[in-house]
Amino acid sequence: ASHASPAPHAPHSLHARAAGVLDGNWTGTSTVPSRGLYPHQWSWDSAFIAIGLRHLSPLRAQTELETLLDAQWGDGRVPHIVFHPSVPLDAYFPSPDFWRSTTAGRTAGAPRTVQTSGIVQPPVHALAAWLVHRADPGLSRARGFLARVYPRLAAWHRYLLHRRDLGGGGLAAVVHPWEQGMDNSPCWDLPLSRIPPAPARSFRRADLDHGSPGDRPTDLDYGRYVRLAADYRDTGYRDGTGAFAVEDPAFNALLIASEHALARIARELGAPGTARHARAERLTAVLVERLWREREGMFFCRDVHTGEPIPERGVSGLVPLLLPALPREITAALVRTACGPHFQLGAGAGLVPSYDLLGEAFDPHRYWRGPAWFNTAWLVERGLRLHGERERADALRAAFLRTADATGFAEYVDPYTGEARGARAFGWTAALALDLLH
Ligand code: 9WN
């Protein structure tokens, strides 16, 4: 634990303001990413939010994860959105009437009493559950927190490692850009180019009520998102039939990190965790074998339909740095790449751009095509610290806190200037700032 703020609980401190954001976004059972733009519960947001909330209220952090896992489907998938019934349908698109989880998702075991989306997001949850437990083991044991979440998290990982092994090589594939969480990353341009867009008049983009069009994905991207999601829904959310399938390094690295966390959870519950640790190590080797690019010094996505690597440098290709079992020469190469011309860690705003600064598709303002995001900075910071890169980790942490503070906890920022883009008072920015303050 480190202490970046001398007076973390002073009334107007960064700590107090971050806590204020999380209080303002709390609904009673979970936390919304943003009151305006994202007024429901999002899967990987909740995991990051729980990691910060544990420093304010371990009970709320446990509840955050429990609420999400209560919406798990019978086949093990954890939906990427859990809808709040009291929020008007037109506040966010796609809304429950688009996903129709309770009818279209019936065969896949969608819950009957809560409306959800039918796709998933990165599995940060077991890692979050373990960190939440560690914040207050007494409360966690008294409430039987780990005993209750363990079987659900195990089923979640089983779903990803079996039903989503669409490439047959042992990694999980995402079937929609929203699943990977970096919606309009240039990494998706090639596989998305094969998808005929749904007509623009067939849907209404509620996001443009809150976000500036230049900061958000384009209408063409949205047409393709809608087509892919509607096709998936129309098969009853059956896996293995869709036109888009990609093995992504960050998604799989988070699954592996969470598998290590599940091993610790198993041990805490009195079962040996050794088999799970061994599996996480095997998966690390598979990740390297399938996605590592020695020449570029980073991981690339792989298009399952062509079997080819996708030649774009996204921040997702640096996230595996957080894995403990990576070979030393790979962690060294990742650090060199992060600090090199494509990502310039330590320069500009001091965060990590979401995409190659030298890439043709680079745009400093458009969402995941260049802006720096705080969750990826947190993940890279963790990786740097794990592999002994203390000075670089300290600098990244300082830049994170400075920028979160200066932007009112922005959703993302211009990677050169640190200027705020997207939503403010954003959930995971506040939560992860809190985490880095402890
Ligand atoms: C679609 C909630 C989510 C994040 C994603 C981010 C954005 C949604 C959107 O917001 O995606 O899921 O409407 O753009 O890309 O990572 O989880 O914060």
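The unreviewed UniProt entry annotates residues 38–429 as "domain: Mannosylglycerate hydrolase MGH1-like glycoside hydrolase"; such annotations may be inferred rather than shown by experiment. The model is predicted, with local features needing pLDDT of at least 70, side-chain atom pairs counting only at pLDDT 80 or more, and totals for chains, interfaces and linings using all residues. Residues are numbered from 1 along each chain as its sequence is written. The end C-alpha atoms of residues 38–429 lie 14 Å apart, and the span is 45% helix and 6% strand. Helices (H or I, at least four residues) and strands (E, at least two) are DSSP runs, numbered from the N terminus.

Helix α17 (residues 427–437) packs against α1 (residues 14–25) at about 140°, with the axes 9 Å apart. Axes are lines fitted to C-alpha atoms, for helices over the stretch in contact, and angles run from 0 to 180 degrees between N-to-C directions. The α1 residues Leu14, His15, Ala18, Ala19, Val21, Leu22 and Asn25 meet Gly427, Ala430, Ala431, Ala433, Leu434 and Leu437 of α17. Contact requires C-beta atoms, placed from the backbone, within 7 Å. This α1–α17 contact has 10 nonpolar, 3 polar and no charged residues. Ala, Val, Leu, Ile, Met, Phe, Trp, Tyr, Cys and Pro count as nonpolar, Asp, Glu, Lys and Arg as charged, and the others, Gly among them, as polar.

Helix α2 (residues 43–53) also meets α17; their axes come within 7 Å and cross at roughly 35°. Asp45, Phe48, Ile49, Ile51, Gly52 and Leu53 supply the α2 side. The α2–α17 contact divides into 9 nonpolar, 2 polar and 2 charged residues.

Terms used
Two residues are in contact if their C-beta atoms, placed from the backbone, lie within 7 Å.
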